[in-house]
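Have the sequence and the 3D view open as you read.

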Amino acid sequence: MAITDKIYVKNHRQLASQLDTSFPKSAFSGATLDILFSGDGIAKLDEASRDRVLDFAEDFLDCGCQGHPHCGCPERKFVSYLLELRAQGLGPDAIVDVMGDDYLLYAYPGDVLSFLDDAVRTLEAAERLADVDGRPEAEGRIGRRKRQLSR
């Protein structure tokens with residue numbers, strides 16, 4: 001299961017009440033994206049919630065794909081966001097706090113920790129493959145990224 005399947009809308013009940021409709025708690029569910037990010041949906045939200053939803057839309061839903069927002073770009077951008085937070089030295093608890101403050105999203109710190117551990121293990125494998133393939137530049141670049149995430 002991808003980490004984006006484990007990212008949830010914070011204050012879900014409050015937002016559902018404001019929108020006067022139900023939608024899944026999963027932030028990257030197709031129905032959630034459709035409801036929260038339609039013009040009508042955003043207009044019904046209180047100012048603070050609307051600002052966070054608009055920030056999320058600007059940062060993760062802005063792509064030129066035809067299948068937008070169901071093209072996979074939001075998920076890839078969000079994964080990059082999580083990895084960047086880790087590279088800045090934040091641990092799982094702090095990452096959860098930041099995503100809550102930035103976008104009204106939450107996750108369980110254990111799920112974030114598992115995701116980060118998997119990312120490091122994947123980079124370790126890629127680093128070994130670059131070594132075996134005789135690509136020292138790629139091996140060095142991957143190794144640096146792995147060390148950023150391992151701090």
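Is His12 buried or exposed? His12 comes out as buried, because its relative accessibility is 15% and the cut-off for buried is under 20%. Keep in mind that this is a predicted model. As for where to look, His12 belongs to helix α1, which covers residues 12-19. Once you set aside neighbours within four places in sequence, His12 is in contact with Phe23, Pro24 and Lys25.

**Salt bridges**

Now for the charge pairs. In general, side chains of opposite charge can pair when their charged atoms come close. How many salt bridges does the structure hold? The count is 4, and three of them are listed here.

| Pair | Closest N and O atoms |
|---|---|
| Lys6 and Asp111 | 4.0 Å |
| Arg121 and Asp117 | 2.9 Å |
| Glu124 and Arg121 | 3.1 Å |

Start with the salt bridge between Lys6 and Asp111. Lys6 sits in the segment before β1 (8-9) and Asp111 in helix α7 (residues 109-132), so this pair ties together parts that are 105 residues apart in sequence. Lys6 is partly exposed, at 22% relative accessible area, and Asp111 is partly exposed too, at 21%.

The other two pairs in the table share Arg121, and together Asp117, Arg121 and Glu124 are linked in a network of salt bridges. Arg121 and Asp117 are both in helix α7, 4 residues apart, or about one turn of the helix.

**Charged patches**

Which residues form the negative patch? They are Glu47, Asp51, Asp55, Glu58, Asp59, Asp62, Asp93, Asp97, Asp101 and Asp102. The elements that give two or more residues to this patch are α4 (47-60) and α6 (92-103). Helix α4 gives the most, with 5 residues. Glu58 counts as exposed because its relative accessible area is 56% and the cut-off for exposed is over 50%.

There's a positive surface patch as well, formed by Arg135, Arg141, Arg144 and Arg147. Of these, Arg144 is found in helix α8, which covers residues 136-150.

**Positive phi angles**

One last stop: the backbone. Most residues other than glycine have a negative phi. Asp20 has a positive phi, near 55°, without being a glycine. You'll find Asp20 in the loop between α1 and α2 (30-36). Leu104 is another non-glycine residue with a positive phi, in this case near 60°. Its place is the loop between α6 and β2 (105-106).

Note on methods
Residues numbered from 1 in each chain as written. Predicted model: local features only at pLDDT ≥ 70, side-chain atom pairs only at ≥ 80, totals over all residues. Heavy atoms only, no water. Patch = residues over 30% accessible without salt bridge, like charges linked within 9 Å, V, L, I, M, F, W, Y side chains within 5 Å. Areas by Shrake-Rupley, 256 points an atom, 1.4 Å probe, with all protein chains shown as cover. Salt bridge = Lys/Arg side-chain N within 4 Å of Asp/Glu carboxyl O. Lys, Arg positive; Asp, Glu negative; His and termini not counted. Charge placed at Lys NZ, Arg CZ, Asp CG, Glu CD. Buried < 20%, exposed > 50% of the residue type's maximum accessible area, 1.4 Å probe, protein only. Contact = heavy atoms within 4.5 Å.
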